[in-house]
Amino acid sequence: MLTKKYLTPITSVIALIFALFVGAIVIALNGNNPIAAYGALIEGSFSSIPHLASTLSIATPLIFTGLGVAVAFKAGVANIGAEGQLYMGGMAAALIVIYVDAPSIIVIPLALLVAFIVGGLYGAVPAVLKVKTNTNEVVTTLMLNYIAILFTSYLVNYPFKVANAPIGMTETINDAAKLPVLYPGTRFNIGFLLAILAAVLIALMFKHTSFGYEMRIQGESKVFGRYIGINTDKRIVQGMFIGGGLAGVGGAILVLGIQYKFVQSISPGYGFDGLTIALMAAFNAYAVIPISVLFGALRAGSISMELNTGVPSELSNVIQALVILFMAAQSTFTSTLQDRISKLGFRKEQRKLNEKEVQSE
Amino acid sequence: MEKKTKYIVEMIDISKSFGSVQANKNVNFKVIDGEIHAIIGENGAGKTTLMNILFGVLLPTAGEIRINGETVVMTSPNKAIQLGIGMVHQHFELVPSFTVAENICMGHEPRNKFGTVDKQQMYNYVQQLSEKSGLKVDPEERVEKLSVGLRQRVEILKALSRGAEILILDEPTAVLTPLECQELFAVLHKMKKQGKTIIIITHKLREVMEIADNITVLSRGETKGTLHKNETNELELASLMMGKTPNFVPLNKNPIKESEPLLLIENLSVHNAVGKQILKNINFDVRPGKILTIAGVEGNGQSELFDALLGFLPLSSGLIIAEGKDITDSNIKDRRSFCSYIPEDRSTTGLDLSASVHDNLIAGIHCLEDWQRGPRCIDYKKTCTLAEELIETYSIKTDGYEIETNSLSGGNQQKIILAREMNFGNKILICAQPTRGLDVGAARFVHERIIEMKNSGCAIVLISTDLDEVLLISDVIKVLFEGEIVATLSPEGLSPEELGLYMTGAKKMKEGIRIEYAN
Ligand SMILES: Nc1ncnc2c1ncn2[C@@H]1O[C@H](COP(=O)(O)OP(=O)(O)OP(=O)(O)O)[C@@H](O)[C@H]1O
Ligand SMILES: [Mg+2]
């Protein structure tokens with residue numbers, strides 16, 4: 001697995017550059033102009049305020065899933081299940097706002113809270129299995145994704161299906177339950193501000209509280225954690241609860257702020273994006289924000305890229321996959337690279353020394 | 001000039017800095033072909049760094065290396081191995097789930113005609129190598145089942161199997177029992193006879209005088225000179241190392257009024273996961289102002305005893321009473337409010353090496369109200385001041401408390417644990433190998449601190465394999481052999497030889513083994 005040692009901002013930037021470069025080759029091999037394609041991508045994501053708004057509204061759930069994964073990893077759990085946690089949280093929020101008729105000030109916080117708890121419990125399940133029965137969380141969280149996706153799909157196709165809809169979905173939510181929009185005419189909403197607030201809170205938790213201290217110390221070294229008296233089992237479950245909860249809120253924001261209903265397959269892989277984002281951010285809560293915005297731009301821009309240049313929007317998936325590939329490759333590569341660089345410097349030193357000796361003789 | 005002696009290794013004007021820390025300053029270091037050469041120096045003097053440079057792990061900032069008179073640029077360990085250099089690091093680098101032979105042959109396994117690993121040939125090869133060098137191992141045993149001493153043999157064999165003619169050993173004796181030490185030295189002598197050159201780092205001056213031909217002293221990154229064994233003595237070496245003549249006044253032990261035991265262990269037994277009994281009916285008590293030592297050869301239940309006292313291992317029977325309270329069922333956190341614990345393995349159980357020095361120093365107090373403010377937040381102002389103070393008092397050599405613990409020298413990492421645990425102010429201290437890897441001065445400092453705690457009325461349990469340490473500071477010695485206490489001895493008039501006999505089970509005290517509790 002990628003260890004902390006190799007995850008640095010530089011690794012992420014290098015990986016991204018390589019990924020974009022290889023992406024360009026792929027575009028060129030398909031007979032398109034990579035510069036035009038990337039130009040269209042940037043234009044579609046940052047060129048105007050509405051474009052920027054759509055980038056940021058995609059970034060919002062990504063920040064939540066990215067944070068969710070980061071918290072879990074810091075607690076020493078490899079959470080591959082953010083996608084499932086997002087689905088469960090989103091579904092819970094949808095049901096709350098459909099069945100609770102109350103003013104915004106009540107119904108929105110209530111829905112977000114319930115989404116947090118449901119997502120959190122869904123994340124805590126594999127954590128409990130891990131500490132009680134030593135089950136590998138990579139396997140369980142991964143499998144729970146499919147259960148969540150299919151379960152919510154069942155719910156919106158049978159018990160909660162709205163009549164005459166082409167695919168499974170709930171009815172549209174009340175206006176009172178919709179998240180206030182920040183830029184009129186778009187769906188860019190206050191969820192983004194909540195995401196930033198969440199990142200700040202998580203960063204503060206790890207940096208300042210003794211709870212956060214225990215969580216990260218035992219995440220780094222379990223035996224040491226136990227030796228100094230940390231209840232590691234408890235911290236692992238709590239870490240996954242918080243992580244799952246954050247992903248769940250991400251789902252709630254998709255429902256309350258973007259789709260205004262729960263549709264089957266509501267997320268195009270935001271949970272998995274969250275994994276990439278967390279890894280690129282080296283599990284640092286603040287770093288999750290800009291990286292999520294970047295990924296939001298990739299998703300938002302790739303659509304206009306497809307429209308304008310014919311390069312399929314799936315390219316953004318290719319680039320993401322390449323980023324992960326290059327990050328993993330670097331875990332062995334960076335050390336070699338650093339070695340090379342310092343060796344170059346060393347050779348120069350040696351040459352200088354030799355020259356000096358020659359001169360002095 | 002001195003062309004007559006043939007130097008196999010010459011390191012000339014080597015400098016190495018890590019950021020602002022200069023670990024080596026114009027170090028000159030020469031090793032004669034076929035000798036045993038010791039490097040000594042205080043913790044953080046730059047010994048490991050120098051050897052890492054020789055082995056190609058680190059690149060020097062400046063300087064030149066010659067092997068057999070030829071200048072080489074040591075760019076990687078592979079290059080060093082090609083040049084016939086082998087190194088056994090302070091922390092071993094073995095794959096625990098692999099067998100001994102697999103570890104030794106990793107990377108150059110013998111192949112059969114299908115191109116797959118020829119296991120039989122591999123085991124035969126390791127068997128032969130083991131016999132030839134005198135390092136006895138079982139090639140088919142898994143490394144995770146081996147004691148530290150045996151793991152070290154595997155490391156040495158690994159180096160030899162790659163054709164090492166120059167063998168670097170970084171503090172090999174720190175983890176060995178006296179007996180294992182003697183075995184190692186015998187092997188080293190044998191290797192010397194076979195024409196190999198050995199470079200050994202150690203903190204024990206007695207060992208240096210016993211085994212080395214020449215001795216190089218490092219101090220604060222600089223060479224203080226190379227001396228021949230016959231031309232020097234322990235005192236001179238110590239004063240060169242520390243830059244002053246060590247003036248060790250005898251430890252000042254104050255007798256304390258007899259009173260109720262602070263720590264009482266009754267009938268303690270522990271079974272391992274597969275039901276084998278590891279500790280059998282251990283009984284002892286420690287009164288205030290007393291140091292009780294558990295002596296023994298590693299692997300006779302000491303680690304399990306430590307873990308049982310900490311609450312890390314469940315007891316199969318028995319009672320633990322601390323300060324009059326039954327803590328048998330308490331969790332680790334509660335126990336730590338009575339007892340301080342210094343575990344033996346600093347790299348896994350004693351420290352989180354990837355965390356900062358500060359974070360390691362505050363482990364344990366982070367959850368106490370005195371060190372918190374606001375909503376259960378750690379009071380960083382206070383903890384940082386504390387970290388600074390501890391770094392100062394325990395002279396921990398570090399580039400500040402925010403630095404990653406990994407970058408400290410071995411001995412300085414050990415000091416972090418000591419500083420943390422001794423600072424709690426608990427009345428009971430349970431320590432395992434507290435001076436492992438410390439230089440003479442630092443070890444002395446720790447002994448003084450332990451005695452100071454004793455004089456102030458603390459009860460101390462010392463688990464140690466270091467005979468000198470045991471005889472120096474104990475009030476009572478209990479010898480642990482195969483999970484049982486086989487002897488209770490007083491250090492007065494006890495010779496190391498006799499203690500050794502008890503430790504290896506050659507001698508048992510009658511009452512020690514006859515104590516049987518009907519239950
Ligand atoms: N990777 C590193 N990064 C930063 N500083 C380092 C690094 N490695 C070593 N140092 C510093 O260099 C100095 C020398 O370290 P070194 O490990 O060589 O000491 P040593 O003589 O082996 O000590 P010990 O007896 O405690 O093992 C120390 O002050 C240490 O903090
Ligand atoms: Mg060292």
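Predicted model: local features only at pLDDT ≥ 70, side-chain atom pairs only at ≥ 80, totals over all residues.
Residues are numbered from 1 along each chain as its sequence is written, chains are lettered from A and ligands numbered from 1 in the order in which they are written, and side-chain values use heavy atoms, with hydrogens and water left out.

**Chain B, overall**

I looked up the secondary structure of chain B and got 18 helices and 22 strands (DSSP runs numbered from the N terminus: helices are H or I with at least four residues, strands are E with at least two). Chain B has a radius of gyration of 24 Å, close to the 24 Å from the globule rule for 519 residues, so it is as compact as a globular protein of that length. (The radius is taken over C-alpha atoms, and the rule is 2.2 Å times the number of residues to the power 0.38.) The C-alpha trace of chain B spans about 70 × 55 × 50 Å along its principal axes.

Which element of chain B has the lowest mean pLDDT? I found helix H18 (residues 510-514) at 44, while helix H12 (residues 357-361) has the highest, 97.

**Ligand 1**

I counted 19 residues around ligand 1, and the closest include Gly44(B), Thr48(B) and Ser409(B) (near means a heavy atom within 4 Å). They divide into 5 nonpolar, 11 polar and 3 charged. (Ala, Val, Leu, Ile, Met, Phe, Trp, Tyr, Cys and Pro count as nonpolar, Asp, Glu, Lys and Arg as charged, and the others, Gly among them, as polar.) H1(B) gives the most to this shell, with 3 residues.

Then I went through polar contacts (N or O pairs within 3.5 Å). A backbone N or O atom of Gly46(B) is 2.9 Å from an oxygen atom of ligand 1. For the side chain of Glu171(B), an N or O atom is 3.4 Å from a ligand 1 oxygen.

**Chain A**

I finished with chain A, which averages a pLDDT of 89, with 89% of the residues scoring at least 70. Residues 356-361 of chain A stay under 50, with 0 contacts beyond four places in sequence.

Conventions
Polar contact = N/O pair within 3.5 Å; in protein donor to acceptor, adjacent residues only side chain to side chain. pLDDT = per-residue confidence, 0-100. Contact = heavy atoms within 4.5 Å.
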